[in-house]
Amino acid sequence: MRIVRAERIPLNLPFYHRRVSRAMHRASTHGERVWVVRLEADNGLVGWGDDLGWDEYWDFAGAPPPRPAVDHLIGRNPAALMFDDGLGFAPQVAMLDLVARDNGVPVHALLGQKVRDRCPISWWDIDMPHADWAAEARESVVRGYASFKMKARPWRDIFAQVEATMAVVPGDYKFDIDFNGFLLDQARSEIYLAKLDGYCNVGMYETPFALASDIDGARILRERAIKPLIEHFSDAVWAADCCDGFVVLGGVEKMRRDAMLAAAHNKPFWLQLVGTGITTAFTVQLGSVLTHAQLPYITCHELWKHDLLKKRLDVVDGYIAVSDQPGLGIAVDEKAIEKYRVDEREPSPKRLYREKKRILRVQWLSAAGKKRVWEFTTEANYQRSFYAGNIPPFDCGVELEIIEGDRSAAFKKRYARLIAQGR
């Protein structure tokens, strides 16, 4: 079998709800740009993969960087390339899909011995006002989810967010709270996690602070927090044995290697592979052969309006069944791909949003009853201030207000002053 056609197809795939668009556009995370890889072989079979336009995450000045080409794959045998992490995630998944289809077996048969027939999956959202998180949780329950990975951010009141969301979910529904290091150190983490431990719906904590930066502190926190402490897999954290589980991501060979080491320490983990229904189908195939891939996986596919499949992957009680059909076990909706296909030079809605001017105001009431206010022009700037410890994190009642730019002289003057201050 040889590849005779290789395409990397750019899409602008809209989010399923306005509240998701609002939050995703403002935040330092991915947007609507999705790249689908389609590999066609000389026997007529087609393999699929997808990944994201991560240029949206980093830079909003000028044109996005070009995506890596896939033309060099033409004429190659996918069986000889499918475990090469250097291909990039989407081409690698498409290779595995092709080889499995050619052999009439599911992708999981190429990856190892299946150990589970269904895999756990979690809803995911970036930080939002607590009413929006509650609305997202309601939607997740309707769609069959039983857990929610929450992006906790210091410009939101995490306790108000948790309480509002608890009010709309069943008692056994779990919140897995990802701080991305914003609690900064062990002492502050201990204070906040001790309070969150008291909420029955709280399930796990991810990266309250950078555990590898303070191994002793991580061990102390692990002993004192009731709920499990999770960290992105690294050799340093694994060797230090300072957490209760891991986040595993990357290329296929890297993930299988990290999964083996996690199993050696008897540590569960979740797979974190962000993409559409195509990526989600692969994640389930991979997770089915990894003994310790026991925690709910993160793919974010639920955020987009369409998952690019003819039939959505059913989530039942927080699990997706593992397909034993050839390849990824899915039928890709090529009509949807054509519907959302764009010229790669066309900006995504997120990029267009971020190119406009606005003021982002972090505010909360002080002990004296007066509002404390910090203003910035981009999320990247207030993130740096919080990471530097220059603003108190997660204060009671803290909120983020977005003031969209207008043509008034007052706004221009205010905006220019913030730019001059590096904010």
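A crossing of two helices is left-handed if the near helix is turned anticlockwise from the far one by less than a right angle, and right-handed if clockwise. The model here is predicted, so local features need pLDDT of at least 70 and side-chain atom pairs count only at pLDDT 80 or more, while totals for chains, interfaces and linings use all residues. Residues are numbered from 1 along each chain as its sequence is written, and side-chain values use heavy atoms, with hydrogens and water left out.

**Exercise 1.** Work out how helix 5 and helix 6 pack.

Step 1: The crossing of helix 5 and helix 6 is right-handed.

Step 2: On the helix 5 side you'll find His130, Trp133, Ala134 and Ala137; they meet residues of helix 6 including Ile158 and Ala164 (contact means heavy atoms within 4.5 Å).

**Exercise 2.** Is serine 323 buried or exposed, and what does serine 323 touch?

Step 1: Look in the loop between strand 12 (319–321) and helix 12 (334–340).

Step 2: Serine 323 has a relative accessible area of 18%, so it counts as buried (under 20%; exposed is over 50%, partly exposed in between, with a 1.4 Å probe and protein chains only).

Step 3: Skipping residues up to four places away in sequence, serine 323 touches Pro106, His108, Gln285, Leu328 and Gly329.

Key:
Axes are lines fitted to C-alpha atoms, for helices over the stretch in contact, and angles run from 0 to 180 degrees between N-to-C directions. Helices (H or I, at least four residues) and strands (E, at least two) are DSSP runs, numbered from the N terminus.
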